[in-house]
Amino acid sequence: MAPRVWPVFVAYLVAVVTIILVSLVALGMLRVANPDVPDTELLSGATGLIAGGLASSIALVLTVILVARPFEAAALRLRPGPEMGADLAAAIVGMLALGQALDSVTILTGLGQRGTMPAIRRALTGAEGGELFAAVMVLGVIAGSAEELFFRAYMQTRLRVAWRAGPAILVTSTAFALLHMEWIHAAMAFVLGLYLGALTERIGSALPAIACHVANNCVFTIVTALGGTVDDRRTNVMLLAASLAVFAVCAYVLVRRLPPSPA
């Protein structure tokens, strides 16, 4: 009898509900700690962004702890695969290149000032000192790890037991995208999810995906805080071309160096 997949989708719904509940608790704590700050200012700043990222991360980790049986490294593909240092470097650079390509595409198509990404960039721009450190740790390290723990280590791994790699990657990437709520951000997350899902299946471990996600989020947070967003059209055309070239080279290196993991 084929393994059941409906518990995975129930777990996803549990994760969404838990994110909402934990986020409401975080909002209440922010309100108590900052009684004189208007809600709009509180939520649109770096503090609100960090609190939201921490809340969603806690919810995802709690969900995995609750539903993953067995809750073991091997069952969640949290053990190293055959990748070497050069392979991991190529995977991370490929992730950064793909992320930059997507950013440039949104700007060149006129979507760069729509959706949630401009608000995220405004919240991070100018962050420094302890605030920047907290943003990097929460949005980069904690959020990146928590999202990969749920989506690639738990959800995709469980779906992979019953399905072929393609459908498992596609469904997991779609669920990952929907969690971002707004369609532009969701579309970018979907593409990045496909890359992370394919990387996980190629290597047979979710650890490289975690490293890539953490690196991408950390670099985005630091670059946005220190330099803002590049809106110049000519610059973004060059960034897009360079990013696609780098991504293609990294993908080629990974395919050549890493044999497909056993099914």
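My notes below go from the overall fold to one serine.

**Entry 1: the model.** I reminded myself at the start that this is a predicted model.

**Entry 2: the fold.** I looked up the secondary structure and found 10 helices and 0 strands. Reading from the N terminus, I noted the order as α-α-α-α-α-α-α-α-α-α. I then checked the radius of gyration: the chain comes to 19 Å, close to the 18 Å that the globule rule gives for 263 residues, so it is as compact as a globular protein of that length. For the extent of the C-alpha trace, I wrote down about 60 × 45 × 30 Å along the principal axes.

**Entry 3: packing and surface.** Of the 263 residues, I found 44% buried. I also looked at contacts with a separation of 6 or more, and 82% of them join residues 24 or more positions apart. The accessible surface is about 13,000 Å², and carbon and sulfur atoms hold 72% of that area.

**Entry 4: charges.** I looked up 17 positive and 15 negative charges in the chain. Their mean positions lie 13 Å apart.

**Entry 5: a closer look at Ser57.** I located Ser57 in helix 3, which covers residues 46-67. Is Ser57 buried or exposed? Its relative accessible area is 2%, and buried means under 20%, so I put Ser57 down as buried. Leaving out residues up to four places away in sequence, I found that Ser57 touches Ile142, Ala143 and Ala146.

Key: Residues are numbered from 1 along each chain as its sequence is written. This is a predicted model: local features need pLDDT of at least 70, side-chain atom pairs count only at pLDDT 80 or more; totals for chains, interfaces and linings use all residues. Side-chain values use heavy atoms; hydrogens and water are left out. Helices (H or I, at least four residues) and strands (E, at least two) are DSSP runs, numbered from the N terminus. The radius of gyration is taken over C-alpha atoms; the globule rule is 2.2 Å times the number of residues to the power 0.38. Buried means under 20% relative accessible area, exposed over 50%, partly exposed in between (1.4 Å probe, protein chains only). Contact means heavy atoms within 4.5 Å. Accessible areas come from the Shrake-Rupley method with a 1.4 Å probe; for residues, only the protein chains shown count as cover. Lys and Arg count as positive and Asp and Glu as negative; His and the chain ends are not counted. The place of a charge is taken as NZ of Lys, CZ of Arg, CG of Asp or CD of Glu.
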